[in-house]
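Please keep the viewer open while you read.

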Amino acid sequence: MKKIKQSFFIIALLLLCSKSALADHLEQISSACDLKTLDGKPALALQELRGKVVYIDFWASWCPPCVKSFPFLNQLEHDMKEQGVHVIGVNLDEKVKDAEEFLTKHPAHFSIVADPAKTCAKVLEVMAMPTSYIIDKKGNIRHVHQGFRPGETEELRALLAQLVMENP
């Protein structure tokens, strides 16, 4: 059921927006996102990553599937960074301490930022943990993935590999 809903959302989004409008939409999302480092400093704006394939993963310390997703995200960063894939984990915990304790137990070898006001999560309508957005080199959201199941990792890797090969 989730896959049908997700597919419907993506098809509806593509039908409603031309590619250029979708890219403009991403810039609007980026300007609405007030991402910070865990120590409260401003983080890199999403539009600054144009030209790279970006895997944005919204997570929280209380999320059991997030624990399972971190090894995959670490491996993805390791395997595909040189190809231009940038992995970002966006933490949605109420308390930074909770995120820091999680990261002590489950280290991240990819960029970690926080969405303290939850503005980015609201704009993107994050409804499940984790939720991932795959963004192409032009800044278009090409895939939305809710939850984490290890059997889906190869499909995600294949999509990322495809997007890496596309010309911007």
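## The sheet and its helix

Strand 1 (residues 53-59) and strand 4 (residues 131-135) run antiparallel to each other and share five bridges. Strands here are DSSP runs of E with at least two residues, helices are runs of H or I with at least four, and both are numbered from the N terminus. Two strands count as paired if DSSP finds at least two bridges between them. Within this pair, Asp57 sits opposite Ser132 of strand 4.

This is a predicted model, in which local features need pLDDT of at least 70 and side-chain atom pairs count only at pLDDT 80 or more, while totals for chains, interfaces and linings use all residues. Residues are numbered from 1 along each chain as its sequence is written, and side-chain values use heavy atoms, with hydrogens and water left out.

The whole sheet is open, with five strands in the order 3-2-1-4-5 and mixed pairing. Its edges are strand 3 (111-114) and strand 5 (141-146), each of which pairs on one side only. On average, neighbouring strands are turned by 20° against each other, direction ignored. Helix 3 (residues 64-80) lies across strand 1, strand 2 (85-91) and strand 3, and runs at about 160° to strand 1. For such angles, axes are lines fitted to C-alpha atoms, for helices over the stretch in contact, and the angle between N-to-C directions runs from 0 to 180 degrees.

## The core and its rings

Which residues touch the most other members of the largest nonpolar core? They are Tyr55 and Phe58, in a core of 47 residues. A nonpolar core is a set of buried Ala, Val, Leu, Ile, Met, Phe, Trp, Tyr and Cys residues joined through side-chain atoms within 4.5 Å. Buried means under 20% relative accessible area, exposed means over 50%, and partly exposed lies in between (1.4 Å probe, protein chains only). Leaving aside residues up to four places away in sequence, Tyr55 touches a list of residues including Phe72, Leu76, Val87, Ile134 and Leu160. Contact means heavy atoms within 4.5 Å.

Rings of Phe, Tyr and Trp (its six-membered ring) pair if their centres lie within 6.5 Å; planes under 30 degrees apart are stacked, over 60 edge-to-face, and the rest tilted. By this rule the count comes to seven aromatic pairs. The rings of Trp59 and Phe70 are edge-to-face, because their planes stand at 75°, with centres 5.0 Å apart. Trp59 belongs to strand 1 and Phe70 to helix 3, 11 residues apart, and both are buried. The rings of Trp59 and Phe102 have centres 4.8 Å apart and planes at 35°, so this pair is tilted. Phe102 is in helix 4 (residues 96-105) and Trp59 in strand 1, so the pair ties together parts 43 residues apart in sequence. Ring pairs join Trp59, Phe70, Phe102 and Phe110 into a cluster.

## Backbone details

Met129 and Pro130 are joined by a cis peptide bond, with omega about -15°. Pro130 lies in the loop between helix 5 (119-123) and strand 4. Glu125 is in the loop between helix 5 and strand 4, and its phi is near 55°, a positive value in a residue other than glycine. Lys118, in the loop between strand 3 and helix 5, has a positive phi near 60°.

## Salt bridges

Side chains of opposite charge can pair when their charged atoms come close. A salt bridge here is a side-chain nitrogen of Lys or Arg within 4 Å of a carboxyl oxygen of Asp or Glu, and the whole structure holds nine. Three of them are listed below.

| Pair | N to O distance |
|---|---|
| Asp79 and Arg157 | 3.1 Å |
| Lys118 and Glu94 | 3.8 Å |
| Lys97 and Glu101 | 3.9 Å |

Asp79 lies in helix 3 and Arg157 in helix 6 (residues 153-165), so their bridge ties together parts 78 residues apart in sequence. Arg157 counts as buried at 19% relative accessibility, whereas Asp79 is partly exposed at 32%. Lys118 is buried, with a relative accessible area of 18%, while Glu94 is exposed at 72%. Lys97 and Glu101 both lie in helix 4, four residues apart, about one turn of the helix. Asp136, Arg142 and Glu166 are linked in a network of salt bridges.
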